[in-house]
Amino acid sequence: MEIAAASKFGQKLAHTDKHVRDKAVKSLTLYLVKKKEWSDLDLDKIWKALFYCMWMSDKLKIQNELAENLSKLVHAFPDSDLKMRFLHSFFKTIHREWHGIDGLRLDKFYSLIRKMLFQSFQVLQSEWDQAEAFATHISGEILSKLPNGLRLHMCDVYLEELHKSIGATVESDNLVMLLEPFFTLISSETDKIVTKRVNDMVFQSMLNTYQFQDTLKEDAATTDSEDGDDDTPEAKVFGAAHLADVQHRVFELAAAAETQDRNRNILYSIYSAYFGATKVDSAKQTKKRPAPTSPVDEGKKKKAKKTVDPIDADEKSPKKTKQVDEKAKVVVADDEKSPKKAAKATKQAQEEDKSPKKAAKVVKQAQEEGKSPKKADKVAKSKEEAPKKATKKAEVTEVEEKSPKKVNKEAEKKSKALEKAVEADVAPKKTAKKDKKAAAAAPTTQKEKATPYPRCTSCGGFGKGLIAVNKSMCAHCERAAKKAAKAQASNDKKRKAAAAAAAEVSEAVLQEASKKVRFGTNKALPYELSMKRMKKSVEKELVKPATGKGVLKVKEVIATATSNVKKNTTLNVKRARAADFF
């Protein structure tokens with residue numbers, strides 16, 4: 001996409017005038033039809049401009065119309081791959097710009113997401129090979145990332161738009177593929193709010209609000225035809241899908257080792273609810289399905305076929321037995337001509353049967369195969385047929401006398417194989433003894449090793465000049481110990497100061513409580529207050545206004561014995577007049 005074209009579309013799509021924005025959307029549809037090569041950056045630029053085109057739109061009808069037009073731009077691309085990339089760019093853009101959307105503009109972007117899901121399902125209806133890519137785009141760009149608001153809205157809208165768009169024609173396999181993002185989300189998500197919303201709005205609603213071929217109720221179809229009421233809502237049915245296939249996938253996730261324990265309980269509860277509606281056991285269905293074989297397993301199977309025991313291979317291959325019989329017949333015919341060679345061959349065969357090495361081999365094979373009774377029966381039969389094989393070997397040896405070099409080579413190979421087997425049995429015993437001796441000789445800890453320098457009692461280190469004279473620890477450990485002691489002392493001081501402050505506060509509270517006057521329970525007042533009141537009463541009796549002119553007349557008050565006031569000497573003294581001072 002050229003820079004000039006991108007800038008023009010961006011300016012017109014984000015224009016404040018509605019007519020300019022509408023013309024830009026029409027010209028953009030024509031441009032999308034003509035151009036066939038797009039980069040991811042070009043698609044991101046287009047969706048950035050379309051996002052702000054939606055941002056500038058106002059009024060409910062205009063917003064819904066614009067959301068419908070923007071969602072139908074998917075069908076303008078000629079290639080299915082470009083359509084999926086266009087949808088991927090939309091999910092990236094809406095996730096990137098979600099944090100900047102304010103509450104007043106949130107509803108119109110909700111409607112845009114809903115319309116885009118509807119049109120994307122319409123695209124998948126004719127191109128089911130892109131269903132997996134669509135599921136990965138939703139899971140990777142929205143459901144596996146924060147914020148939760150976008151994920152929760154996707155859970156609320158997804159199943160409803162899927163049923164509206166292709167609910168009557170979608171098959172079970174495609175439905176499971178489209179629900180795969182929610183399978184991964186409910187099995188691996190740690191947020192309780194998100195898992196609860198997925199369970200309620202996706203999996204439980206499939207059971208409660210929607211019907212499938214295997215859960216379709218016959219009464220629902222008859223009651224609609226008989227009653228003929230238009231007010232009753234139509235049943236939401238996935239006409240070509242089975243709920244049992246979704247149930248099998250839920251069971252597989254619940255039994256998987258990667259699923260979290262809390263989410264496993266939720267999945268098993270979903271499975272039990274589905275089982276009550278379908279009456280199909282998913283455990284039996286999984287046993288019937290062939291286990292997926294990886295290329296590594298196939299390679300191992302091929303190797304196992306190549307390394308089959310020679311005895312079992314000879315028993316299982318009838319062609320080889322026929323060839324041996326034919327060779328035996330030929331050898332018998334030659335034996336009639338040379339009886340001396342036949343006698344020699346029989347002696348050699350008898351000696352070979354009596355050889356202790358072969359006897360030891362037979363015993364080992366019997367011990368190894370003693371766990372399986374079938375193999376034990378094979379060994380017994382082989383012992384019974386030993387003389388017959390001996391005669392056959394004798395017959396075959398005459399043919400092999402012509403090539404003594406081959407016989408010598410085979411004998412050498414057998415002897416080497418026996419030596420290797422004996423060494424393999426003896427070697428582990430010797431290594432075990434050596435390991436025991438080494439473990440006994442080696443010191444258990446690092447401190448037990450003999451060193452020419454003294455070790456630090458704290459860290460166990462040693463070296464020249466590491467530890468000073470008349471000291472048991474290195475300088476680093478001493479500094480660490482001093483720091484720890486200082487920290488402990490400071491902590492103790494702080495703790496004591498805090499305890500002393502708390503004690504002072506408690507004492508002050510107790511003192512204040514003791515000074516309070518309690519009325520009602522005890523009418524006695526504190527001593528200080530009573531003394532003040534008493535002095536005021538005395539002053540009222542003593543001080544009186546003067547009646548004469550220029551002379552201060554003071555009434556002499558004599559304290560009586562009945563009064564509670566103590567005798568005061570100053571009360572009985574006459575006050576001096578002003579003339580006394582001149």
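1. Arginine 495 counts as exposed at 51% relative accessibility, where exposed means over 50% relative accessible area, buried under 20% and partly exposed in between, for a 1.4 Å probe and protein chains only. Its salt-bridge partner is aspartate 492, with the closest N and O atoms 2.3 Å apart; a salt bridge here is a side-chain nitrogen of Lys or Arg within 4 Å of a carboxyl oxygen of Asp or Glu. Aspartate 492 counts as partly exposed, at 23% relative accessibility. Because they are 3 residues apart in helix α24 (residues 475–515), aspartate 492 and arginine 495 are separated by about one helical turn. Helices (H or I, at least four residues) and strands (E, at least two) are DSSP runs, numbered from the N terminus.

2. A word on the basis of this note: the model is predicted, local features need pLDDT of at least 70, side-chain atom pairs count only at pLDDT 80 or more, and totals for chains, interfaces and linings use all residues. Residues are numbered from 1 along each chain as its sequence is written, and side-chain values use heavy atoms, with hydrogens and water left out.

3. The count of salt bridges comes to 22. One of them joins aspartate 156 to arginine 197, with the closest N and O atoms 2.9 Å apart, and this pair links distant parts of the chain, since aspartate 156 lies in helix α8 (residues 148–166) and arginine 197 in helix α11 (residues 192–208), 41 residues apart. Aspartate 156 is partly exposed at 27%, and arginine 197 is partly exposed at 28%. Lysine 471 forms a salt bridge with glutamate 478, the closest N and O atoms being 3.6 Å apart, and lysine 471 is partly exposed, with a relative accessible area of 45%.

4. Aromatic pairs number 21; rings of Phe, Tyr and Trp (its six-membered ring) pair if their centres lie within 6.5 Å, and planes under 30 degrees apart count as stacked, over 60 as edge-to-face and the rest as tilted. The rings of phenylalanine 91 and phenylalanine 134 have centres 6.2 Å apart and planes at 55 degrees, so this pair is tilted. The pair links distant parts of the chain, with phenylalanine 91 in helix α5 (residues 80–96) and phenylalanine 134 in helix α7 (residues 131–143), 43 residues apart. Phenylalanine 91 counts as buried at 2% relative accessibility, and phenylalanine 134 counts as buried at 0%.

5. Tyrosine 210 and phenylalanine 238 form a tilted aromatic pair, 5.5 Å centre to centre with 50 degrees between the planes. Here tyrosine 210 belongs to strand β1 (residues 210–211), while phenylalanine 238 lies in the loop between β2 (236–237) and α13 (243–255), 28 residues apart. Tyrosine 210 is buried with a relative accessible area of 6%, and phenylalanine 238 is buried with 0%.

6. Ring pairs also link residues into a cluster, among them Phe9, Trp38, Trp47, Phe90, Phe91 and Phe134. The charged end of lysine 35 sits over the ring of tryptophan 38, 4.7 Å from its centre, the rule being that NZ of Lys or CZ of Arg is within 6 Å of the ring centre and within 35 degrees of the ring normal.
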